[in-house]
Amino acid sequence: MMPEPGSHKDDIKRTRLRNDYEGEGVPDEYADEAANDRLHRDDPLPREPRTGEPAGRRPSGEPGAKGVERDAEGGGTRLRSSTFNDHTLLPTRCSRDGENISPELGWEAVPEGTRELALLCEDPDAPSGVFVRWLMSGIPPEVTGLNEGEVPSGVTQSRNGFGELGWGGPHPPAGDEAHRYFFRVYASDRPLGLGEDSTPEDLRRALSGSELAHGNIVGLYER
């Protein structure tokens with residue numbers, strides 16, 4: 001039986017297929033398309049080659065969606081990383097098994113009128129439910145990315161699921177299927193007013209009516 005499109009098993013199988021193709025020498029830019037084609041060849045719905053979503057259907061953007069929700073022409077913001085590719089494994093140094101260093105992230109196509117950027121990372125596969133890994137707000141709109149472990153001056157880091165300020169790297173139970181880590185950058189047309197004890201729910205409420213665009217990328221990690 002094929003895994004349900006968009007499911008955790010679907011994501012993991014796609015990643016493993018892509019890694020297999022890359023190991024066979026398929027260029028990275030084609031490995032995604034080949035993996036999606038292999039995964040969905042028996043799926044009756046035609047699918048977009050990059051996202052794996054049914055053709056004409058926009059990804060939901062909720063935990064479980066893949067890639068950037070809207071392209072630049074639609075007013076979206078593109079998020080990428082040199083530390084990992086979309087739907088590939090985060091390196092050990094970014095986890096609590098390693099140095100617990102936040103990954104490099106970069107973004108582009110930030111809309112005019114943006115007053116503040118915010119970053120959020122959540123793990124929807126944690127045993128206790130959605131686990132907050134990172135919430136950073138107050139990022140100036142002229143900032144276009146963060147180096148590994150970088151915290152820009154003047155930003156606000158809220159508490160992660162461990163109760164610590166800043167990045168809380170992956171540490172899934174040993175033997176679990178790879179957990180997914182959804183990184184998202186938001187552009188707001190007004191200050192969000194978040195603090196150290198703010199939650200993702202506070203962020204979403206603050207973005208209501210002020211969000212101009214967002215983009216996302218998904219990392220994986222297993223032990």
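**View 1. Arg96 places its charged end over the ring of Phe162.** The distance to the ring centre is 3.8 Å. A charge counts as sitting over a ring if NZ of Lys or CZ of Arg is within 6 Å of the ring centre and within 35 degrees of the ring normal. The model is predicted: local features need pLDDT of at least 70, side-chain atom pairs count only at pLDDT 80 or more, and totals for chains, interfaces and linings use all residues. Residues are numbered from 1 along each chain as its sequence is written, and side-chain values use heavy atoms, with hydrogens and water left out.

**View 2. Phe131 and Phe162 form an edge-to-face pair.** Four aromatic pairs turn up in a search of the whole structure. Rings of Phe, Tyr and Trp (its six-membered ring) pair if their centres lie within 6.5 Å; planes under 30 degrees apart are stacked, over 60 edge-to-face, and the rest tilted. Here the centres are 4.9 Å apart and the planes stand at 65°, so the pair is edge-to-face. Phe131 belongs to strand E5, while Phe162 lies in the loop between strand E7 (156-157) and E8, so the pair ties together parts that are 31 residues apart in sequence. Helices (H or I, at least four residues) and strands (E, at least two) are DSSP runs, numbered from the N terminus. Phe162 is partly exposed, at 34%. Buried means under 20% relative accessible area, exposed over 50%, and partly exposed in between (1.4 Å probe, protein chains only).

**View 3. Trp167 and Phe183 are stacked.** Their centres lie 5.8 Å apart, with 20° between the planes.

**View 4. The largest nonpolar core has 21 residues.** A nonpolar core is a set of buried Ala, Val, Leu, Ile, Met, Phe, Trp, Tyr and Cys residues joined through side-chain atoms within 4.5 Å. Leu105, Trp107, Leu119, Trp134, Ile139 and Phe183 have the most contacts inside this core. Strands E3 (105-108), E4 (116-123), E5 (131-139), E8 (179-188) and E9 (211-221) each give two or more residues to it. Which strand gives the most? E8 does, with four residues. Leaving aside neighbours within four places in sequence, Leu105 touches residues including Leu79, Leu119, Trp134, Phe183 and Ile217. Contact means heavy atoms within 4.5 Å. Another core, of nine residues, lies apart from the largest one; Ala118, Tyr186, Leu192 and Ala206 are among its members.

View 5. Pro200, Leu203, Ala206 and Leu207 are the buried residues shown in H3. Just after H3, Gly209 has a positive phi of about 85°.

**View 6. Arg204 lies in helix H3 (residues 200-207).** Arg204 is partly exposed, at 35% relative accessibility. Beyond its neighbours within four places in sequence, Arg204 contacts Leu120, Glu122 and Tyr186. From Arg204 to Leu192, the C-alpha to C-alpha distance is 9.7 Å, and the two are 12 residues apart in sequence.
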